[in-house]
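I opened a notebook for this structure. The entries below follow the order in which I looked things up.

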Amino acid sequence: MTKALRWIAFGIPIMIGGRCLIIWIHRIEEPAWITFLLWLFISSLALIEIAWSRSRFQKLEQVICSFIRQPEKAVVHRWYLRSVDQMYNLRKSAVTGSLFSLLVAGILWYTQWNSWEDDALLRWYDNIVIICVMSMAAASQWPFANISIFVSRLARKNLSINFYAHHHDNLMSVGSFLMKIDLGGVLLTFLVGLNLYLAPTLIPMTVYIVLLIVFIWAIIWFFLTQYNVHLCMMNEKRDKLNTISKRMMVALEILLKEPDEVNMATFDRMKKTFDEVAVLPEWPFNTQNLVTLLTGIIVPITLTLLQLLMVKK
């Protein structure tokens with residue numbers, strides 16, 4: 001987190017200062033600051049999210065390692081630290097960002113970005129800065145892809161699921177963490193769409209379609225990353241239901257043969273236990289949070305992007 005904030009504190013002012021210098025020397029009257037600054041803001045948020053997610057993963061080490069049934073806990077901790085290092089490998093993230101720089105440059109050319117700027121030097125400066133900062137932001141695709149792999153592997157580690165632990169100490173904390181990561185991606189996608197909408201030029205419809213695809217993928221990613229953990233929780237819950245249901249059938253047979261108060265009380269206790277197990281969660285996130293996510297964030301943003309498509313049509 002410190003490195004990301006340091007880069008933002010020093011890198012952003014330098015890029016803004018360089019642009020101010022060009023504007024001052026060339027006496028540009030309409031510098032078009034809004035779209036330029038919004039790109040810097042988007043890239044800064046992406047870097048903060050990368051740094052924050054790594055810091056959060058490090059804090060979750062004890063919690064996540066406690067889920068895994070393994071006598072030698074030191075082995076589990078080593079595996080976890082290696083996994084986190086692999087997720088946030090700086091060199092591989094830089095390679096990912098470099099590959100995305102070609103895509104960013106292609107989109108700038110395709111949309112004729114900054115074509116509304118009359119000064120050639122300012123136009124080139126802005127495009128180079130945008131390619132650099134958006135490529136750094138795109139480097140987040142490496143850790144986020146590896147997060148998916150990590151969660152998938154986590155579900156294969158013979159998990160010990162305690163449904164009654166505090167939500168900060170059980171699998172629900174993983175689901176909540178992944179939801180925040182996904183919300184960050186949704187916000188960044190929306191800001192990109194907003195910047196395209198604010199640009200004083202006609203953006204091709206295909207660019208908005210790509211944005212919608214990315215937006216929909218963010219929703220799919222959320223469920224895919226947690227599907228294997230969901231299977232673990234569901235199987236654990238099913239095993240417990242099978243155990244108590246067999247005992248309930250035995251108690252029911254006894255109750256039918258001897259319908260007295262003692263046998264009725266025994267059956268009622270088992271039925272109460274069965275009902276309590278039946279309502280245990282099967283997904284590592286809170287259902288109410290998911291409803292809030294779908295109705296309060298994703299639906300309005302989706303409608304907004306659809307409206308942008310119709311306006312730009």
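Where is the place of Trp113? I found Trp113 in the loop between α5 and α6. Helices here are DSSP runs of H or I with at least four residues, strands are runs of E with at least two, and both are numbered from the N terminus.

A note on the source: this is a predicted model, where local features need pLDDT of at least 70 and side-chain atom pairs count only at pLDDT 80 or more, while totals for chains, interfaces and linings use all residues. Residues are numbered from 1 along each chain as its sequence is written, and side-chain values use heavy atoms, with hydrogens and water left out.

Entry: Trp113. I looked up its accessibility, and at 4% relative accessibility Trp113 counts as buried. Buried means under 20% relative accessible area, exposed over 50%, and partly exposed in between, with a 1.4 Å probe and protein chains only. Contact means heavy atoms within 4.5 Å. Leu171 is found in helix α8 and is buried, at 5% relative accessibility. Apart from residues up to four places away in sequence, Leu171 touches Phe67, Leu159, Ile161, Val229, Met233 and Pro284. Leu171 and Ser160 are 11 residues apart in sequence, and their C-alpha atoms are 9.6 Å apart in space.

Entry: Ser135. I placed Ser135 in helix α6. Ser135 is buried too, with a relative accessible area of 9%. Its contacts, not counting residues up to four places away in sequence, are Gly97, Phe100, Ser101 and Ile130.

Entry: the largest pocket. I noted a volume of about 1,100 Å³ for the largest pocket. On a 1 Å grid over the protein atoms alone, a pocket is an open set of points where a 1.4 Å probe fits, with protein on both sides within 12 Å along at least five of seven lines; lining residues have an atom within 4 Å of a point. Grid points are joined across faces, edges and corners, and a volume is the space filled by probe spheres set on the points. The lining has 35 residues, and Phe100, Gln141, Thr189, Val192 and Val214 lie nearest the centre. Elements giving two or more residues to this lining include α2 (33–59), α5 (90–110) and α8 (171–198). Which element gives the most to the lining of the largest pocket? I found that α9 does, with 8 residues. By class, the lining has 27 nonpolar, 6 polar and 2 charged residues. Ala, Val, Leu, Ile, Met, Phe, Trp, Tyr, Cys and Pro count as nonpolar, Asp, Glu, Lys and Arg as charged, and the others, Gly among them, as polar.

Entry: aromatic rings. Rings of Phe, Tyr and Trp (its six-membered ring) pair if their centres lie within 6.5 Å; planes under 30 degrees apart count as stacked, over 60 as edge-to-face and the rest as tilted. By this rule I have 10 aromatic pairs. One of them is the stacked pair of Trp79 and Phe150, at 5.4 Å centre to centre with 20 degrees between the planes. Trp79 lies in helix α4 (residues 73–87) and Phe150 in helix α7, so the pair ties together parts that are 71 residues apart in sequence. Trp79 is buried at 13% relative accessible area, and Phe150 is buried at 4%. Both belong to one aromatic cluster, formed by Trp52, Phe57, Trp79, Tyr80, Tyr88, Phe150 and Phe177.

Entry: Arg19. I found Arg19 over the face of Trp33, at 4.5 Å from the ring centre. The charged end of Arg19 also sits over the ring of Phe36, 4.7 Å from its centre. A charge sits over a ring if NZ of Lys or CZ of Arg is within 6 Å of the ring centre and within 35 degrees of the ring normal.
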